[in-house]
Amino acid sequence: MSDLSVLYDAPGPRARRRNALYAVLFLAVLAGAAWWIYGRLTDRGELEWRLWEPIFTDSRLWTNFVLPGLKDTLVAAGLSMAIALPLGALLGIGRLSDHRWIRVPAGAVVEFFRAIPVLLLMLFANEAYFQWSSVTSDLRPLYAVVTGLVMYNASVLAEVVRAGVLALPRGQADAGRAIGMRKGQIMSNVLLPQAVTSMLPAIVSQLVVIVKDTALGGQLVQYTELRSTIGDIDNNFVSLLAAFTLITVIYVVLNFLLTSFAGWLEGRIRRGKRGTGAVLSTTTTDEMDVAGDVPGPPRLGKGPDTRT
Amino acid sequence: MRLRKASVLAAPLLALALTATACGGGGGDEGDGDGITIGIKFDQPGIGLRDANSEFSGFDVDVATYIAGELGYEPGQITWEEAPSADRENMLRRGDVDMIVASYSITPERAEQVAFAGPYFLAHQDLLISSDAETPTEESIGDLTLCSVGGSTSAQRMEDEYGANLQNFQTYSECLDGIVGGSLDALTTDDAILAGYAAQDEYAGELTLAGLNLSDEYYGVGLPLDSDRVDAVNEAITRMVDDGSWDRFVEENFGSSGYEPEPAPAIGSAPTTE
Amino acid sequence: MLDFSFLDLDEYDLFGAFWMTVQLTVASAIGSLIWGTVLAAMRVSPVPVMRAFGTLYINIVRNIPLTIVIVACAQVLAFRLEITLGAGPDIDDRNFRLAVLGLVAYTSTFVCEALRSGINTVPVGQAEAARALGLNFTQVLRLVVLPQAYRSVVAPLANVLIALTKNTTVAMAIGVAEAAFLMNEMIENEARPLEIGVLFAAGFILLTLPSGLLLGRLARKLAVKR
């Protein structure tokens, strides 16, 4: 967030006073809301210690419910990411192919799976594995969840990759051709690495979506992921509010770790590539969420725009 | 460039490794010969609940254990599966479970898709209300805001027959706080299920049953449509009632809640045709 | 293999359910656009507290599964804080409003980030020229930057809209009678998950594909040529 200050002048004394006033008013409103909520919850006895205590004192809550649920969430999310990323890249490249018979089917697959709710994809996958495979019933939910997530997210990632490649300067491909590279080489050695790096923020957001969407697996296909343990925790240990709060915090921390890791990774990749000048303007935690970052001349954003 | 090549290679390898661990961790004993898989509820106190130690308790669990014992399975050979209401027919059809004992009402529609043994229990649809609230009558149900679980037959009936305002959630627990706080008037489902919630520590003394017999729900043991076990299960249920085990299970699971169920219904007493 | 003979349109209000999906989508889309713009403005504003709030809000809300956000709207807002959003005693009306609120809270984070990336595409000179003319922060944003930003983010916003359409299925969790709710009820009654799933998937494709294509065309038309 270094210098969006291009949008406003350096504040003078009056502007600074006004900004301070805004800040105070804004904080007052926030504090008022927080105080009112706190009062309401206290009146209703929701904040009584006994309703929250087992989270900190009863290890069974963690070993029997939260941790197994977390493990299932991580397994499903990890598998989905590992399969969806390469598959999405393939589909994205397929949509850019010169050959109509590759481009059109790849496009159809992407558009089709992007149009259907993930919940339904999981439901179909579950039924398909029952009809046409010998996957045992205790593994089927995992397979169904992963399949549903892969089909949807690979399609979205395909669009991200495609947008990333299209956003690169034409000169990159031209230069590749000029030194005698074949089409496949240009894609794998020149375009894709740059596109993936520049689209990393969008890719990371999609990975966060994968982690969150595992929560749909508990709804119709009986996958025992993290969110589905809320009921058990509420039934056996704490109040519903406490159970919800606990699981929510875990999700936020988990996804925060994921974005931080991606930020670190991006930093590494960018350092390693210093001077090649292919990175679009990005910062770590400020990722955009959707494909289609449109390139342009020097922009209002932060970070050096080093494209040529 | 080297890093990128490596990462491209690493992704499928990681996928393989994860698959391997997933299989190693999850691959259970599916063998039909040396065990039995039974579908129960995991979230209904008194009926079928996964407790703090991740063990199972409740009336349906006791009944299922007894029947499995009569069929020749030790308690250690039983694998419990969660059987959510909407998925029960499918679980039997797919063979995910060998039988279902999960507050499973015998209805003509369901009897077309699964085989039922029993019934082993007779419950009635009822309302769970705040202890401070006035006890409603059947006529005043239309004025109430009721809560139930989306898609359940009891919820659909309340809306269609009584014209009640209906709030649907995904689990019964989500209704309870609304009732205690007054945003909702009542939770409706079978009295046996409601009794379990009323007896929970968290709501001690705050919730009570209205005592309206709005319907007859005959709980049966669900078996696959082509099952050859119906007679054996029926015999097991008869024995369970005759040797006093049934009364003991009722006492153990409903005793503390003050709920007194009907006597055990006769085998085959549930209506299976319209 | 697929047998649709169970389908009785008198018993199941298929069109009513999808109409509810459309209503949820439209109401939430408008709300998200407004709140998302406010959040984006906060994130680029000169007041540090607002910037911090915007960043915090986005990084928290975006990382929570939507199911939890929507259920929290009912459980926390309606039951515990007794905020009913001006809805009367009609519970369906209240749930609709709560679901829209949840969808707006969640979707606006994506709108905000799309907008911010759109703001990034506006050449620096535009804002500098505006400031040179003596416009203040809100004027720069309102008259110069945002109009250009909106044009360049039509495509990303179209993606957000499609995602939103599908995300309305989560409103089922608090009992809004939209498409997925009816689907659940039908699966419970008819026990034919595959046929029913195909039916509803087709419905969603009919809803999302045209809007995606239409907005894609609009995006190309509106894009600022540079």
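Colleague: Which helix of chain A holds Phe130(A)?
Modeller: This is a predicted model, and local features are read at pLDDT of at least 70. In it, the place of Phe130(A) is in helix H5.

Colleague: Is Phe130(A) buried, partly exposed or exposed?
Modeller: A residue needs 20 or more other C-beta atoms within 10 Å to be buried, and 12 or fewer to be exposed. Phe130(A) has 19 C-beta neighbours inside 10 Å, so this residue counts as partly exposed.

Colleague: Which residues is Phe130(A) in contact with, leaving aside its neighbours within four places in sequence?
Modeller: Contact here takes C-beta atoms within 7 Å. One partner comes from chain A and one from chain B. They are Arg140(A) and Arg94(B).

Colleague: How far apart in space are Phe130(A) and Ala242(A), C-alpha to C-alpha?
Modeller: In sequence, 112 residues separate Phe130(A) and Ala242(A). In space, C-alpha to C-alpha, the separation is 37 Å.

Colleague: Now Val146(A). Which helix is it found in?
Modeller: Val146(A) belongs to chain A, in the helix of residues 140-166. That helix is H6.

Colleague: Why does Val146(A) count as buried?
Modeller: The cut-off for buried is 20 or more other C-beta atoms within 10 Å. Val146(A) is buried because the number of other C-beta atoms within 10 Å is 30.

Colleague: Which residues is Val146(A) in contact with, beyond four places in sequence?
Modeller: Set aside the neighbours within four places. What remains for Val146(A) is Ala76(A), Leu79(A) and Ser80(A).

Colleague: And how far from Val146(A) is Thr214(A) in space?
Modeller: The pair are 68 residues apart in sequence. C-alpha to C-alpha, Val146(A) and Thr214(A) are apart by 8.3 Å.

Colleague: How do the axes of H5(A) and H9(C) cross?
Modeller: H9(C) covers residues 193-222 of chain C. Its axis and that of H5(A) come within 10 Å. The handedness of the crossing is left-handed. The crossing angle is roughly 150°.

Colleague: Which residues of H5(A) and H9(C) make that contact?
Modeller: By class, the contact has 7 nonpolar, 1 polar and 1 charged residues. H5(A) brings Leu120(A), Leu123(A), Phe124(A) and Glu127(A). H9(C) brings Pro193(C), Leu194(C), Gly197(C), Phe200(C) and Ala201(C).

Colleague: Which helix gives the most to the side of chain A that touches chain C?
Modeller: The contact takes 55 residues from chain A and 56 residues from chain C. On the side of chain A, the elements giving two or more residues are H1, H4, H5, H9 and H12. The top contribution is 9 residues, from H12(A).

Colleague: How do the residues of the side of chain A that touches chain C divide by class?
Modeller: Chain A puts 55 residues into this contact. They divide into 35 nonpolar, 8 polar and 12 charged.

Colleague: How many residues of H1(A) are buried?
Modeller: H1(A) is hardly covered. Among its 31 residues, the count of buried ones is 0.

Colleague: Which residue with positive phi follows H1(A)?
Modeller: The phi there is near 70°. The residue is Gly45(A).

Colleague: How many helices and strands does chain B have, and what share of its residues count as buried?
Modeller: Chain B has 9 helices and 12 strands. Of its 274 residues, the share that count as buried is 46%.

Colleague: How far apart are the C-alpha centres of the two domains of chain B?
Modeller: Domain 1 takes 36-122 + 217-257, and domain 2 takes 124-209. In the contact, 13 residues of domain 1 meet 15 residues of domain 2. The side of domain 1 has 5 nonpolar, 6 polar and 2 charged residues. The centres lie apart by 24 Å.

Colleague: What share of the residues of chain C count as buried?
Modeller: Chain C has 9 helices and 0 strands. Its C-alpha trace spans about 70 × 45 × 30 Å along the principal axes. Of its 226 residues, the buried share is 54%.

Colleague: And what share of the residues of chain A count as buried?
Modeller: Chain A has 12 helices and 0 strands. Of its 308 residues, the buried share is 49%.

Note on methods
Residues numbered from 1 in each chain as written. Chains lettered and ligands numbered in written order. Predicted model: local features only at pLDDT ≥ 70, side-chain atom pairs only at ≥ 80, totals over all residues. Contact = placed C-beta atoms within 7 Å. Helix = DSSP H or I, 4+ residues; strand = E, 2+ residues; numbered from the N terminus. Nonpolar A, V, L, I, M, F, W, Y, C, P; charged D, E, K, R; others polar. Domains from an automatic or database assignment. Axes fitted to C-alpha atoms, helices over the stretch in contact; angles between N-to-C directions. Left-handed = near helix turned anticlockwise from the far one by under 90°.
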